[in-house]
Amino acid sequence: LLGTSPFLAAGQFGLRAWEYYRRFVGKSENVAKIIKYCVNLGVRGVQVLAYDYIVEAVERVMRETGENLFIVGTVTPENPRESIELLEKIGCRIAFVHGALASTRRLNIVGEHLELIRNAEMIPGVALHNIPVLEDILREFPDVEVVMAPINVEGVFMQNRDKCLQILEKSGRFIIAKKVLAAGKIKPKRALEYVYSLPFVKSAAVGVASQEEAKETFTIAREILERK
């Protein structure tokens, strides 16, 4: 999956976040250029954070390329209903409760967001910042089918890596790895070989901010997956 965190100038990118903000935030045409380049490389899935300019960029790319991309969406905690409406426009199939909400253990609100996702006939999932909360979430909401969580070889953003990996594997859910490159701290080859070596990881969302990054990252990903 192509991740979209760089298009939001997410805080984990440190000083680069300001450059990403200048280039991408609110600028759907710039976002669309990167997405379209990735599609031309063979990427067929996008992990979409439900903001209007990102959704607009995805719509544009699907229209221009004729590709019906596999959309995995994340509902924003501040505007869940609006998020669902945006994701419906691009045929989102799996939708996550945002990690900022799911990781707080505010299970009543997590439940409200999951209900919105189910009512929209999307597969319910949770994105996590804090992996140990998954056990509480699954006890309360056993119908959660998909989990997106930080997984990388250095354990960055994972607190206790080994414990977190055990929790994810034990869950028996469809696991999508995020923060695979640890916001650029890990080289793509090492990062991707590690996550794809974990038998319970079924997919990975990887953000790129340029055509050069996209070509390097997704060429490596394809080579690794073709060997599996």
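Me: A nonpolar core is a set of buried Ala, Val, Leu, Ile, Met, Phe, Trp, Tyr and Cys residues joined through side-chain atoms within 4.5 Å. In the largest such core, which residues touch the most other members?

Reply: The model is predicted: local features need pLDDT of at least 70 and side-chain atom pairs count only at pLDDT 80 or more, whereas totals for chains, interfaces and linings use all residues. Residues are numbered from 1 along each chain as its sequence is written, and side-chain values use heavy atoms, with hydrogens and water left out. Buried means under 20% relative accessible area, exposed over 50%, and partly exposed in between (1.4 Å probe, protein chains only). Of the 86 residues in the largest core, those that touch the most other members are Ile35 and Ile151.

Me: Which helix supplies the largest share of this core?

Reply: Helices (H or I, at least four residues) and strands (E, at least two) are DSSP runs, numbered from the N terminus. The largest share of the core amounts to 7 residues, and its source is the helix spanning residues 52-65, α3.

Me: What kind of aromatic pair do Phe7 and Phe24 form?

Reply: Rings of Phe, Tyr and Trp (its six-membered ring) pair if their centres lie within 6.5 Å; planes under 30 degrees apart count as stacked, over 60 as edge-to-face and the rest as tilted. The whole structure holds 3 aromatic pairs. The ring centres of Phe7 and Phe24 are 5.0 Å apart and the planes stand at 65°, so the pair is edge-to-face.

Me: Where in the chain does each partner of this pair lie?

Reply: Phe7 counts as buried because its relative accessibility is 0%, and Phe24 likewise at 2%. The two are 17 residues apart and link distant parts of the chain. Phe7 lies in the loop between β1 (2-3) and α1 (16-24), and Phe24 in helix α1.

Me: Is Trp18 buried or exposed?

Reply: Trp18 and Tyr21 form a stacked pair, 5.9 Å centre to centre with 10° between the planes. They are 3 residues apart in helix α1, so about one helical turn separates them. Tyr21, at a relative accessible area of 45%, is partly exposed. Trp18 has 61% relative accessibility and therefore counts as exposed.

Me: Which residues does Thr217 touch?

Reply: Thr217 is placed in helix α10 (residues 211-227). Its relative accessible area is 3%, so Thr217 is buried. Not counting residues up to four places away in sequence, Thr217 touches Pro188, Leu192, Val206 and Val208.

Technical notes:
Contact = heavy atoms within 4.5 Å.
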